[in-house]
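Take a look at the structure before reading on.

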Protein chains: 2
Amino acid sequence: MNEFDQELKKRISHIEKILDHYLPKPEGFQKTVLKAMNTTVKAGGKRLRPMLMEETYKMFGGKEKVIEPFMAAIEMIHTYSLIHDDLPALDNDDYRRGQKTCHIVYGEDMAILAGDALLNYAFETASSAFALEDADLPKVAEAIRILARKPGIYGMIGGQAADVELEGTVLSMEQIMFIHHNKTSALIEACMMIGAVLAGASPEDVKAMEECGRKIGLAFQIQDDILDITGQEEVIGKPVGSDEKNQKTTYVSIKGLEQAGKDVERISLEAVEILRTYDTSDGYLTGLAEYLIHRTC
Amino acid sequence: MNEFDQELKKRISHIEKILDHYLPKPEGFQKTVLKAMNTTVKAGGKRLRPMLMEETYKMFGGKEKVIEPFMAAIEMIHTYSLIHDDLPALDNDDYRRGQKTCHIVYGEDMAILAGDALLNYAFETASSAFALEDADLPKVAEAIRILARKPGIYGMIGGQAADVELEGTVLSMEQIMFIHHNKTSALIEACMMIGAVLAGASPEDVKAMEECGRKIGLAFQIQDDILDITGQEEVIGKPVGSDEKNQKTTYVSIKGLEQAGKDVERISLEAVEILRTYDTSDGYLTGLAEYLIHRTC
């Protein structure tokens, strides 16, 4: 295991402790839905969103606990979106990361409620930051506003809804970019912006983090489209060529594999250049951005 | 039309203007989900939750616009809960208030997303209050915390999940009270507490409003169980005796119709007594509480 992978593993375990602390315990008359919330959040994943948030926070000099409820909140939002996406009426997926999805284990009714509950609990968790000793109210308020905007109808849900609405049609590049930007980049933008805001970064720096998050998300998504064609099924965890089989217009089907690969390079270089302006300490965040984009699975 | 009904009508129309102002416009690549959000919120109803919120705010001397985004937010949360409750996996209702439900008109996928989007947009709308001129940050922060707690897993969703979990079992009075308190009272508590908090009421007064909201919700819900047995089908809008047919344990099936009626009287008197301590001006809020509880439909 190389140094970066060791660091990654250490940070995942650190984040999972934070998640465990903030997740509500499965007890009381509503214990099944609480169990569904808990087990789905704990089902794994690389915790990239809270990791990006914390690393951005540290990069701008943040040192307090105020970032932790927001780290937990963004992972709750990410998880709720997966639970609802997997439902029969949407993607109808029985498995995710090799494990049975929430509605398969707990039933469709509990999966709908567990998703609702996680989205709601994300705001309950994040707004608990107002009650922290020495809480900087204007900063927490600004972070809450970003947490409410980016996953919403002009962010993640908007991208998801457009994707559903335009299904089965031939997409324009403008439509593909809209979906990628909202469905994938919006949460990453939120992570980096919230990290910056809570650390007291200037509005210009917060804007730069938004731009950086947008580019990371876009490069990540185009790389995903590329891996759908070139990856190995057992490595990427879904059938290779599934987009092609579904006759789905993707970035790659319009631009071609070669150009798409070049675009990933260009866009990720732009993202890394923004980071290098700030990341003068251990460079872990820059490494993380590169890892995210250049992954082969 | 008596004076109270005229006042009610005027206030409903005032609230609907506020809702219209805060709802996002149906445009862009995600326009269908935006249309689903809009039409479902606008589909009608008595707007009792935002009305209780505004009247409590005014009762404690509130005079600013800060209450409006919270009024819109609570109605968005109420509406999302109806959209998701009506889904095939939950209550499977094709009609509500004589109109086709969201998933019948827009499809199940869009109804799930529209519900998610409304819940999320409630927090986006409410947190816009932080950006109002002269916003009192500690008050808005406290109001956001209540808005996040009461509809959540230890409030409305918790009650709904317990109701689903315990379906088909014989309920104890403790379980019935848990479900009523969370599923019905929690949002009403939120309305009255937020109204009080934003108007600058003391913690003791906020607590009194929570207690009052709990009683109003409870009396409202027992009255609902009574109407299920004694009401007229075309007036209450659902088949009379549906609880009995479903062999559902209710407050009435345990306590009997007569005692349940007496309990509604007692609990609502307690609620009104709390209000009379404060409501020394036009008495509209006290009238509204009485109207809510003593309705015959």
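## Two helices in chain B

Contact here means heavy atoms within 4.5 Å. The model is predicted. In chain B, helix 1 meets helix 15 through Phe4(B), Glu7(B), Leu8(B) and Arg11(B). On the side of helix 15 of chain B, the partners are Tyr284(B), Gly287(B), Leu288(B) and Tyr291(B). The residues of this contact divide into 5 nonpolar, 1 polar and 2 charged.

Two packed helices are described by the angle between their axes and the distance between the axes. Helix 1 of chain B covers residues 3-22, and helix 15 of chain B covers residues 284-294. Their axes come within 11 Å and cross at roughly 100 degrees. Angles of 65 to 115 degrees count as roughly perpendicular, so helix 1 and helix 15 of chain B are roughly perpendicular to each other.

## Where chain A meets chain B

Chain A puts 51 residues in contact with 51 residues of chain B. About 4700 Å² is buried between chain A and chain B. Carbon and sulfur atoms give 70% of that area.

## Polar links and contributing helices

The rule finds 2 salt bridges across the interface of chain A and chain B. One of them joins Lys31(A) to Glu165(B), with the closest N and O atoms 3.9 Å apart. Between the two chains, 10 residue pairs are in polar contact, both residues at pLDDT 80 or more.

Which helix gives the largest share of the side of chain A that touches chain B? Helix 6 of chain A does, with 13 residues. The residues on that side of chain A divide into 31 nonpolar, 10 polar and 10 charged.

How values were computed: Residues numbered from 1 in each chain as written. Chains lettered and ligands numbered in written order. Predicted model: local features only at pLDDT ≥ 70, side-chain atom pairs only at ≥ 80, totals over all residues. Heavy atoms only, no water. Axes fitted to C-alpha atoms, helices over the stretch in contact; angles between N-to-C directions. Helix = DSSP H or I, 4+ residues; strand = E, 2+ residues; numbered from the N terminus. Parallel < 35°, antiparallel > 145°, perpendicular 65-115°, else oblique. Nonpolar A, V, L, I, M, F, W, Y, C, P; charged D, E, K, R; others polar. Buried area = accessible area lost by both parts, 1.4 Å probe. Salt bridge = Lys/Arg side-chain N within 4 Å of Asp/Glu carboxyl O. Polar contact = N/O pair within 3.5 Å; in protein donor to acceptor, adjacent residues only side chain to side chain.
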